[in-house]
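Dear colleague,

I am handing over the structure below, and after it I set out what was found. Please read the text with the coordinates open beside you.

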Amino acid sequence: MQDTARFCCGLSDSVGCKFRPSDEELLEYFLYKKVSRMALPPQYDSLIRDCDLYGVLQPWQIWDFYKDDDDDGEEEDMFFFTQLKNKSRINRKVGLGSGSWQSEDSANKVPPGELETKFGFKKRFRYENKASQEHDGAWIMHEYSLDSSLLEPRQPNDYVLCRIRRNVKAGKKIKNKR
C-alpha cells in the first residue's frame, strides 16, 4: 500500500492544495483499509467520514451537515464510507420521501483496461426525486466497491466508499426552466 504522505496535501493549510485521490487510491488505500478493519491515520477522519447515505437524510442535508464552516463556496467533492443495505437486492432509497440513487452506468473496472489486476469497481449514480424539482438530478455519486479477490475468504464486503458532488449542469437546467 502507499505511503500516507501522498495524500496529506489535502490536509495542508497551503493555498490551492486539495484532497483529490485517484480512483485507484480510493480503492487500494482507503476502502481496502476500512473493509480490512485497519485504522486510517486520524487526519483523514474529516476527509472521509462514516455516514449512512442510504438512510433518512437527503443528499443536500448530508452536504449541509458536513460542509466546512469556512467553505468559500467553491464546489468540492465529499467522501463517505457507507454500508450497503441488502434486501432482495441492494436498496439505494434515500430519506423518508421518494428519493433514490439511480444508476447511470454499469460498474467500471478500476483501473480500466486489460490488466489482470483490478482493485474494484466504480459506478455512477444520479439522485432522482420527482417530488423535489430543485434537487431532482442535482446530485451525483460515484460508488467504489472492492473486488472480492482482494479479500480473505468469508470477509464481509458490505462497505463502499462514495464521492458525492453537486451536479452543476442540472442546477443550470433548473434555473433556465424558471
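**Overall organisation**

Of the contacts in the protein with a separation of 6 or more, 63% are between residues 24 or more positions apart. Please bear in mind throughout that this is a predicted model; the mean pLDDT of the protein is 78, and 75% of its residues reach 70 or more.

The protein has three helices and ten strands, and from the N terminus on its elements run α-β-α-β-β-β-β-β-β-β-β-β-α. Among its 178 residues, 39% count as buried, while the accessible surface comes to about 10800 Å², with 47% of that belonging to carbon and sulfur atoms.

Helix 1 covers residues 23-35, and its buried residues are Glu25, Leu26, Leu27, Glu28, Tyr29, Phe30, Leu31, Lys33 and Val35. The cover over these buried residues includes strand 1 (48-50), strand 2 (78-83) and strand 7 (108-110), together with strand 8 (120-128), strand 9 (139-146) and strand 10 (159-166).

The largest nonpolar core has 19 residues, and those with the most contacts inside it are Phe19, Leu27, Phe30, Leu31, Ile48, Phe81 and Leu161. Helix 1, strand 2 and strand 9 are the elements that give two or more residues to this core, and helix 1 supplies the largest share, namely six residues. There is also a second, separate core of 18 residues, which includes Cys51, Trp63, Tyr66 and Val94.

Which side chains make polar contacts with the side chain of arginine 163? This residue is found in strand 10, and because its relative accessible area is 9%, below the 20% limit, arginine 163 counts as buried. Its side chain is joined to that of aspartate 23 by a polar contact of 3.4 Å, and a polar contact, likewise listed at 3.4 Å, links the side chain of arginine 163 to the side chain of aspartate 77. If neighbours within four places in sequence are left aside, arginine 163 is in contact with Pro21, Asp23, Leu26, Asp77, Met78, Phe79, Ile140, Met141, His142 and Tyr144.

**Two backbone features to check**

Most residues other than glycine have a negative phi, and most peptide bonds are trans. Against that background, two places in the model may deserve a look before you set up any calculation.

At one of them, arginine 37 has a positive phi of about 60° although it is not a glycine. Arginine 37 follows helix 1 and is found in the loop between helix 1 and strand 1.

With best regards

Notes
Residues numbered from 1 in each chain as written. Predicted model: local features only at pLDDT ≥ 70, side-chain atom pairs only at ≥ 80, totals over all residues. Heavy atoms only, no water. pLDDT = per-residue confidence, 0-100. Buried < 20%, exposed > 50% of the residue type's maximum accessible area, 1.4 Å probe, protein only. Helix = DSSP H or I, 4+ residues; strand = E, 2+ residues; numbered from the N terminus. Contact = heavy atoms within 4.5 Å. Areas by Shrake-Rupley, 256 points an atom, 1.4 Å probe, with all protein chains shown as cover. Core = buried A, V, L, I, M, F, W, Y, C linked by side-chain atoms within 4.5 Å. Polar contact = N/O pair within 3.5 Å; in protein donor to acceptor, adjacent residues only side chain to side chain.
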